[in-house]
Amino acid sequence: ATSQGARVARRLLAQRATMAAALTLTAGIKEGAQEAPMERRFYPYDYNGGTCLAVAGSDFAVVAGDTRMSTGFNIMSRSVSKLFKLTNSVVLATAGFRGDITTLQKLLRAKLTEYEQKHGEEIKVHAVAQMLANTLYGRRFFPYYTWNVLAGLDENGVGCVYSYDPVGNYERVRVNVTGSGESLIQPLLDNQFERQHQQNAPRPPPLSVDLSLDDTIDIVKDAFTSAGERDIRTGDTMEVCVISSVGVKIESFPLNID
């Protein structure tokens, strides 16, 4: 009788344990059902920072960009160029999402090769400007996350600079800066090149600046040095590209590495 009573007691305890586990599981399911549904988002872009700048001179064009590639507060690379030589007289500088920059550069290279094979001559800067605008506009519903500035020499040998927004609107300007350091550098360019806020200062020509090449490069260096001290996405090294009648020349200068 004692052993039979013990078996009955064990059976009752097992049944109670099973019922308790089932009630706990049911309560967990009910609580889970009351919580907000889990959400997942897909974001195809990243912002890798950097600054690009271009100045049109009387017989030259200067294009510059830093070499830092970052995401958030992390530096991914210190040696990624933002300058892309398209022809012997046209250079493109691009900041933004590195994946889209690379894709855009490959597409432009293919289009330029096709143009040269069809027409038997090197494409002119105004045609490159329109080609780039058409390429960006063609992706207006899923834009390339890039900020572009194009520079070269026109048919008269005068420097020309074209500024763009991400969906292809563009215009010819004397100077342009884009990227993460734009807000820091643009006031300096407005004052030194455009002569804004300078009373009785002579106005520059309509499509170019009136400074010499050496003075232009000095101001560009100062602009990047200043931006590198304030903008965490600009720094490490700056590349300065000079476009003239003799071709394209690129030099590098150190910036802040912090």
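Is R41 buried or exposed, and what is its relative accessible area?

A: R41 is exposed, at a relative accessible area of 74%; here buried means under 20%, exposed over 50%, and partly exposed in between (1.4 Å probe, protein chains only). The model is a predicted one, in which local features need pLDDT of at least 70, side-chain atom pairs count only at pLDDT 80 or more, and totals for chains, interfaces and linings use all residues. Residues are numbered from 1 along each chain as its sequence is written, and side-chain values use heavy atoms, with hydrogens and water left out.

R41 pairs with E39 in a salt bridge, with an N to O distance of 3.2 Å. The term denotes a side-chain nitrogen of Lys or Arg within 4 Å of a carboxyl oxygen of Asp or Glu. E39 is likewise classed as exposed, because its relative accessible area is 54%. By this rule, the count of salt bridges comes to eight.

Another of these pairs joins D66 to K82, at 3.6 Å from N to O. D66 belongs to strand β2 (residues 61–66), while K82 sits in the loop between β4 (74–77) and β5 (83–87), so this contact ties together parts that are 16 residues apart in sequence. Helices (H or I, at least four residues) and strands (E, at least two) are DSSP runs, numbered from the N terminus. D66 has a relative accessible area of 0% and is therefore buried. K82 is counted as buried too, at 5% relative accessibility.

A further salt bridge connects E194 with R174, whose closest N and O atoms are 2.4 Å apart. This pair links distant parts of the chain, 20 residues apart: E194 is in the loop between α4 and α5, and R174 is in the loop between β9 (170–173) and β10 (175–179). E194 is buried, with a relative accessible area of 15%, and R174 is counted as buried at 18%.

Buried residues account for 43% of its 258 residues. Along the principal axes, the C-alpha atoms fill a box of roughly 115 × 45 × 30 Å. A17, in helix α1 (residues 2–34), illustrates the spacing: its C-alpha atom is separated by 68 Å from that of D66, 49 residues apart along the chain. A17 counts as partly exposed, because its relative accessibility is 47%.
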